[in-house]
Structures are given as C-alpha cells and as structure tokens.
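This report describes the fold of one protein chain and the surroundings of selected residues. The sequence and the model are shown first.

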Amino acid sequence: MRFNKVFVLAFSCLFIFLLVSCDNTGKIDKAYSYYREGEYDKALELYQVVLKRRPQDVNALKGMADVKLIQKDYAAAIENYKKATEINPEIAVSDLVSMLTYSNTEVREDATSAISQLNANKDAAISEIIKQLATASQYVKLDYLEALKRIGRDTSFVAADVLPYTDYKYPAIQQKALEALGNMDPEKLKEIGALKKMAAKMNDENQDVAETAVKSMGALKSGAAD
C-alpha cells in the first residue's frame, strides 16, 4: 500500500511537471509569434510569466533579450543575453558578442563588461569573438579587438588567433591587436612566439604601430623581460 502511495505521488509530480513544461512551451511559442508580428509588449508579458515560474528558462531569457533589443533597452538585453549564455551558450552567445559592435560606446562597454563577468561559459563567449572577428569588416574588427583588450588575461587562450592581426594591412588593427596581446599572459605569449613578434614591431616603419608595441610590451611588466 505504501509503495502504491509513493508511486501515485511520483506520477502526480511528473504529470504536473510535464503539464507546466508544456504550458511554458506554449507561452514561449505564442510570445515568439507576438514578437514576429511586432506585438512586443504582449511578447514581453508572456516571457515574464514563464520566467516568473522558471527563472532559468533559456529560451524565455533569449526571447526577453530580443524584445528588449528591439525596444532599445540595451542594458536589459545584454543582461538577459548574459544569463542565457551562462545557461546554454549555443542559444545566445552570438547575440551577446554582437552587442560589442554597436555604434553606442556605452553599449559596447556594457557588453564587454557582461562577458568579463560571466560565471560560466566565458571561454565560449571569447571564442565567439574570435569567430566573428575573422569575418568582420575593418571597423568591426577594431571593436572586437578592443573588447579582447578590455577583457584581459582571460583571453590568453586565443592569443594565437590574435597574433596574425599584428600584420594586418591596416595599422589601426595592428595597434589594437598589440594592445590586446599586451593584456594577456606573458607565458602564453612566449609559448606561441608572440613576444618576439611584439619586440620586432617595436621597430615597425609605422611610428604609431612601433609606439603601441613598446607600450604593449611595457604592459606585460615582468613578462616583457623575456
């Protein structure tokens, strides 16, 4: 008899869980339909209902961020993309990284700060920056390299991906790449031969590039002695 009661209780809990999950899924689907139709307030209301029940629902967080982005509430959009990235980077990491390229300086800085503060999946976000950097236009490359510079040592594992940009055809990009490297781990830079490259850039024919190389080597402090 006791076993039957336990079984009934477990089955009831499972049924309620499935019922709530289906209800949440339905609300998310409806919210997305509202979003597609331009009914942003209605979409937002449904996403909020889901998140009140399940604060970690990654699809609702992503949907909330998309709506906030349309409404130009950039701070809220970044925060929700950040939360979604910490749960499942495949869902929102590309959106979070794309915020690094907005024309508004404050938005770019907030997005960089959000990536720096990630408790989980920070490496996934940094890897996404490198991925988007490869196909970006000249000016957007500057934004991505600036973000890597500001994030600092946590980006050291992508130093080998940044190093080629020290020879890029535009001096401004060379400078940003050098600045980014200057904030990385000297041991990692030594391992991939970046220190020699940075030292050689101190004698670059472009005076601005040469000066940036000097400053970047100086930023490495004791590591620059290598």
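Predicted model: local features only at pLDDT ≥ 70, side-chain atom pairs only at ≥ 80, totals over all residues.

A crossing of two helices is called left-handed if the near helix is turned anticlockwise from the far one by less than a right angle, and right-handed if clockwise.

**Overall architecture**

The protein contains 13 helices and zero strands. Followed along the sequence, its pattern is α-α-α-α-α-α-α-α-α-α-α-α-α. Among its 226 residues, 41% count as buried. Of the contacts with a separation of 6 or more, 56% are accounted for by residues 24 or more positions apart.

**Helices 7 and 8**

Helix 7 (residues 122–135) passes helix 8 (residues 138–151) in a left-handed crossing. The contact involves Ile-126, Ile-129, Ile-130, Gln-132, Leu-133, Ala-134 and Thr-135 on the helix 7 side. Helix 8 contributes Lys-141, Tyr-144, Leu-145, Leu-148 and Ile-151. The two axes come within 9 Å and cross at roughly 155 degrees. Because angles over 145 degrees count as roughly antiparallel, helix 7 is roughly antiparallel to helix 8.

**Helix 2**

Helix 2 covers residues 40–53, and at 1.5 Å a residue its 14 residues should span 20 Å; the C-alpha atoms at its ends are 20 Å apart, which agrees. Its buried residues include Ala-43, Leu-44, Leu-46, Tyr-47, Val-50 and Leu-51. These residues cover an arc of only 165 degrees around the axis, so they lie on the same side of helix 2. The face turned away from this buried side carries Asp-41, Glu-45 and Lys-52, which are exposed.

Leu-46 of helix 2 may be examined individually. Its C-alpha atom is separated by 9.3 Å from that of Met-64, 18 residues apart along the chain. Neighbours within four places in sequence left aside, Leu-46 is in contact with Lys-27, Lys-30, Ala-31 and Tyr-34.

**Helix 12 and its cover**

In helix 12 (residues 194–201), the buried residues are Ala-194, Leu-195, Met-198 and Lys-201. They cover an arc of only 120 degrees around the axis, and therefore sit on the same side of helix 12. Helix 10, helix 11 (186–191) and helix 13 are included in what covers these buried residues.

Ile-173 belongs to helix 10 (residues 171–182). The C-alpha atoms of Ile-173 and Leu-145 are separated by 8.0 Å, although the two residues are 28 residues apart along the chain. With residues up to four places away in sequence not counted, Ile-173 touches Gln-138, Lys-141, Leu-142, Leu-145, Tyr-165 and Tyr-168. Leu-145 and Lys-141 also take part in the contact between helix 7 and helix 8.

Thr-212 is part of helix 13 (residues 207–219).

**Accessibility of the selected residues**

A residue counts as buried when its relative accessible area is under 20%. The table lists the values for the residues discussed individually.

| Residue | Relative accessibility | Class |
|---|---|---|
| Ile-173 | 0% | buried |
| Thr-212 | 8% | buried |
| Leu-46 | 17% | buried |

Methods: Residues numbered from 1 in each chain as written. Heavy atoms only, no water. Helix = DSSP H or I, 4+ residues; strand = E, 2+ residues; numbered from the N terminus. Expected span 1.5 Å × (residues − 1). Buried < 20%, exposed > 50% of the residue type's maximum accessible area, 1.4 Å probe, protein only. Arc of directions from axis to C-beta. Axes fitted to C-alpha atoms, helices over the stretch in contact; angles between N-to-C directions. Parallel < 35°, antiparallel > 145°, perpendicular 65-115°, else oblique. Contact = heavy atoms within 4.5 Å.
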